[in-house]
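User: Can you walk me through this one? I'd like the contacts and the overall build.

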Amino acid sequence: MNQKSRDIAVIGAGISGLTMALRLADQGHRVTVIEGSDQLGGLGTFFEHDGRTFEKFYHCMLPSDGPLLALMEDLGLTDQIYWKPSSFAYANQGEIFPLNTPMDLLRFKPLSFLERLRVGFTGAYGRVASDEGLDQMTTAEWLGRLSGKSAFAKFWQPMLEAKFGDRYADVPALWFWTRFNREKGERKGEVKGYVRGGYKCITEQFVRAFAARGVILRMSTPVSRVDLNYDENPIVETDRGEEVFDQIVVTLPWPGFSKTAGENLRAEAKGIDWSIDFVGVINCLYFLKRPLTPHYWVATSEPEFPFDGVIETSTLTDESDRGEGRHVVYLTKYMHRSDARFTISDEEIGRDWLAGLKRQFPDLQDDEIEARYIFRAPFVEPIYTKGFLSRKPPEVLVAGKIYLATTTQVYPTVTSWNGSVIQANRTLAAMADDVVNTPTREMASTAI
Ligand SMILES: Cc1cc2nc3c(=O)[nH]c(=O)nc-3n(C[C@H](O)[C@H](O)[C@H](O)COP(=O)(O)OP(=O)(O)OC[C@H]3O[C@@H](n4cnc5c(N)ncnc54)[C@H](O)[C@@H]3O)c2cc1C
């Protein structure tokens, strides 16, 4: 352990917390990870079905996820990642239109010929346009200008509403620009990656790496308060009481952290926008005995669908990862956690959503459905507003003491495992700059 070794608590064990803990342990610090649930992996977490594990929320990687892939390399997982072609399609009036090439767009009947050309122009321009000023303009303004009002209303608006509901109108164009360029800016073409054995294998590899580095993992330990005590030392409160650390790194979703931030901390961390809210999601997962389409993603933006997309992850995964003859389909809907669907029964959601699925795939028979699961996540990503770059919290919350590596800061990078690793790297750099002259508690007491 080096001379400047610190006693650091990392709160939350999603990919942000796991990455921070690994890197800080590699720097020689004593790291304690404190996780509220009984599983590692946060939104990338898993459940068991028929002897295999599956993600509760569909997850995959892109070839452009450089920092995440570098982390996978460090974890010794590169050989376990495999890549498959992926495609996108759009459901309209019972038909499914593939939308992956310029030719697909030219054949896209839901838009008039002129609208197709303008959407095509938007795509081409979006790839070369500078991002300057886009944080100060809404996506609706930007896309409306590039694609025209009618193409925006028919094509882009339903996709934005699918993600942000009625708050879509505030989302900055910078969010769309980065998202668009992440999905389309791939050298290897449209391929997506999955890890053999599922995302559970990634968290298992973290556990091995932690064991080798002496990282302490405290599971099922929700943090109820993060604060500064009367000596101005950072403290974490759980059902074990208050504990003092040299430093704390918070990786929680912002609305959750906002509730736990204590009075002294709030007084010390000036200029922080504690009101940033999050959108949530419901995923309904079907194990089917046959495929629905050859597409990874079919957007179902028409209002009669209770969900916004049909994501057939089995188009990306090997049978050895899902079971022979088993096909895996997620139906997804983003919404605020105050929406009634967060509290109504799974049976009710399952009934409505299956009816929606059968509207699109009328020949789907009940005996072709092996099983159904429903998962809800109340905190997925911030509800962005114009000028979010200046609203998002800084990496250093209280100099030398409390740091942030959260989804809220990932913007304008796309919220994803890769985005979280990029943010963790930014936070580590900020900590390195910040701690140079900050003594540990032990060093401070020796000096006294
Ligand atoms: C439907 C869906 C699909 C997605 N698809 C992809 C994809 O294909 N590829 C991709 O890369 N990304 C995808 N993502 C995004 C990705 O999952 C997230 O961006 C990423 O997991 C965020 O990681 P995090 O560690 O910052 O936060 P989280 O994963 O939210 O982790 C936060 C952790 O903090 C814990 N916690 C919360 N409160 C407390 C408390 N009080 N005390 C202690 N612990 C607490 C939680 O239990 C959790 O473990 C998807 C997300 C969703 C919802």
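User: Which residues does F361 touch, not counting those up to four places away in sequence?
Analyst: F361 touches I96, L292 and T293. Contact means heavy atoms within 4.5 Å. This is a predicted model: local features need pLDDT of at least 70, side-chain atom pairs count only at pLDDT 80 or more, and totals for chains, interfaces and linings use all residues. Residues are numbered from 1 along each chain as its sequence is written, and side-chain values use heavy atoms, with hydrogens and water left out.

User: Is F361 buried or exposed?
Analyst: F361 is buried, at a relative accessible area of 8%. Buried means under 20%, exposed over 50%, partly exposed in between (1.4 Å probe, protein chains only).

User: Where is F361 placed?
Analyst: In the loop between helix 11 (346-360) and strand 18 (369-382). Helices (H or I, at least four residues) and strands (E, at least two) are DSSP runs, numbered from the N terminus.

User: How many bridges between strand 10 and strand 11?
Analyst: Four, in the antiparallel sense. L228 stands opposite P234 in strand 11.

User: And the whole protein, how many helices and strands?
Analyst: 14 helices and 20 strands. Buried residues make up 58% of the 448 residues. The C-alpha trace spans about 75 × 50 × 40 Å along its principal axes.

Methods:
Pairing = 2+ DSSP bridges.
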